[in-house]
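Colleague: I would like to learn how to read this model. Please take me through it feature by feature.

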Amino acid sequence: MGGVYIHIPYCRRICRYCDFHHSVAMERRGEMLAAIGRELAARRDEIDPGEVRTLYFGGGTPSVCSPGELGTLIETVRELWAVERFGELTVEANPDDLTPEYLDGLSAAGVDRLSIGVQSFVDDHLRRMNRRHSAQGAVDAVRDAQRAGFRNLTIDLMYGLPWMSLDEWQANLDRAVSLDVQHISAYHLTIEPRTVFGRQGLQPVEESVSERHFRMLRETLIQAGFEHYEVSNFARPGFRARHNSAYWEGEPYLGVGPSAHSYDGKRTRSWNVADNAQYLAGAPAETELLTETDRLNEYLMTRLRTAEGISTDVLRSRFGDREATRIAARCEAFVATGEMARSQTGWTVVPERWLISDFVIAELFGGSCERSR
C-alpha cells in the first residue's frame with residue numbers, strides 16, 4: 001500500500017501555536033500548485049502504479065484552494081498511478097472555508113474525508129489561538145458537511161491550554177461527541193520557540209493538569225464508543241485514519257510540496273525544503289539512509305504510540321534474535337512496574353500512560369542513532 005501527501009503551504013491567518021511550514025503570502029499560489037503537479041510527475045516511479053491507496057492534502061490550510069485547484073491535483077495523482085478509486089481521500093479544512101457550495105465542489109472532486117480544524121468550541125480559546133472561525137461556525141461547518149453527504153469526518157481538538165478550565169475541556173469533548181463525527185484527533189498544546197506563543201513566553205500547564213485532561217479525553221470518548229488507537233487519535237469502529245495509520249505501520253509514502261517528507265518503506269527518507277521561494281526555484285530534496293538502529297528505534301517509537309504496540313515476530317524477523325531478546329527483557333521489566341502490558345503478539349504501553357510514555361520508549365531504544373548521508 002502507498003500513500004501520497006500533498007502539502008499546501010498557505011494560510012489566511014497564522015495560528016499562534018503553529019510550527020508547521022506555512023505562509024500568508026499567496027500571490028504565487030498558481031505557480032506553487034503547478035510546481036507540485038510537476039513534482040508529482042517527476043517522482044512517479046517512487047511508488048508502483050496501482051499501489052497508491054490514499055491521498056491526503058495537509059498544510060498550511062488546503063481549503064484556501066478552490067475545489068477546482070484541488071481537483072486538478074487529484075486527477076494528476078489518479079492518472080500517474082492508475083488509481084481507479086482511493087481508499088481514502090482527505091482534505092484538511094478550516095471551518096469558515098466550508099460553505100455548502102465549497103463542500104459540494106469537494107465532493108464532486110472525489111474528496112470523501114474531511115479533517116476539520118476546530119481546536120475548541122469556546123470563542124475565547126479561539127481568539128487566543130488566533131483562529132479564524134467561531135465556535136458556532138465550527139458546529140455549522142460540521143453540520144453542513146454532513147448535509148453535503150460526507151460520512152467520514154474528523155475534527156481536531158486541543159488540550160493542555162493554560163487558560164482552559166476542566167469544565168471547558170469537558171464541554172468541548174461533550175460538544176464534539178454530540179456532533180456524531182467518525183473520528184477525533186486531540187493534541188496537547190506544545191509551545192515551540194519559533195511560534196507566536198513561544199516568542200510570547202507562554203508557559204505550559206503543570207504535568208498534573210495534562211494528565212487530568214488526558215484522562216478526561218480517554219474516558220469521555222471511549223464511553224461514547226470511540227476506540228483509542230493512537231496517542232492522539234480516536235475513531236469509531238471502521239473509521240481509523242488509513243493514511244496516517246500507514247505512517248505508524250511503516251508503509252511507503254510520497255510527500256510533495258514545500259517541507260513534505262517521504263519514505264520508501266525500507267531505508268530511505270527524504271524531505272523538501274521548507275521555503276516556498278526555494279522550492280519554486282527547484283531546490284532538491286535532502287535524503288538520508290536509515291541505519292538498522294534508526295529503523296529499530298523508529299519502529300519502537302511509532303508502534304508504541306498505538307494500541308497494537310510492538311510484535312515479537314516483527315522484532316525477530318526485522319532486527320534479529322539478539323535485539324528481540326534485549327527488548328523483551330526491558331518490556332517485561334516495565335510490565336512489572338505497570339508501565340507496559342503484554343498483548344497477544346508482544347507488548348504495549350498501557351494506554352493511560354501514553355501521554356508520558358517517551359521515557360519508556362527511550363529505554364527500549366537501540367544504540368546510537370547516527371545516520372549515513
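Modeller: Start with the terms. Helices (H or I, at least four residues) and strands (E, at least two) are DSSP runs, numbered from the N terminus. Here, N233 lies in strand β8, residues 233–235. This is a predicted model, in which local features need pLDDT of at least 70 and side-chain atom pairs count only at pLDDT 80 or more, while totals for chains, interfaces and linings use all residues. Residues are numbered from 1 along each chain as its sequence is written, and side-chain values use heavy atoms, with hydrogens and water left out.

Colleague: How many helices and strands are there in the protein?

Modeller: The protein has 13 helices and 15 strands.

Colleague: Back to N233. Is N233 buried or exposed?

Modeller: Buried means under 20% relative accessible area, exposed over 50%, and partly exposed in between (1.4 Å probe, protein chains only). N233 has a relative accessible area of 3%, so N233 is buried.

Colleague: Which residues does N233 touch?

Modeller: Contact means heavy atoms within 4.5 Å. Not counting residues up to four places away in sequence, N233 touches H183, I184, S185, Y187, E227, H228 and W248. A C-alpha distance is another way to look at it.

Colleague: How do I read aromatic pairs?

Modeller: A pair of aromatic rings is described by the distance of the centres and the angle of the planes. Rings of Phe, Tyr and Trp (its six-membered ring) pair if their centres lie within 6.5 Å; planes under 30 degrees apart count as stacked, over 60 as edge-to-face and the rest as tilted. By this rule there are eight aromatic pairs. In one of them, W163 and F197, the ring centres are 5.7 Å apart and the planes are at 65°, so the pair is edge-to-face. The pair links distant parts of the chain, 34 residues apart: W163 is in the loop between β5 (153–159) and α6 (166–178), and F197 is in helix α7 (residues 196–200). Both W163 and F197 are buried.

Colleague: Why is the pair of Y253 and Y263 tilted?

Modeller: Their ring centres are 6.4 Å apart and their planes are at 55°, so the pair is tilted. The pair links strand β9 (residues 253–256), which holds Y253, to strand β10 (residues 261–263), which holds Y263. Y253 and Y263 are both buried. Together with Y247, they form one aromatic cluster.

Colleague: Now the whole protein. What is its radius of gyration?

Modeller: The radius is taken over C-alpha atoms, and the globule rule is 2.2 Å times the number of residues to the power 0.38. For 373 residues, a compact globule would have a radius near 21 Å; the protein has 21 Å, so the two agree. The C-alpha trace spans about 55 × 50 × 40 Å along its principal axes. Buried residues make up 51% of the 373.
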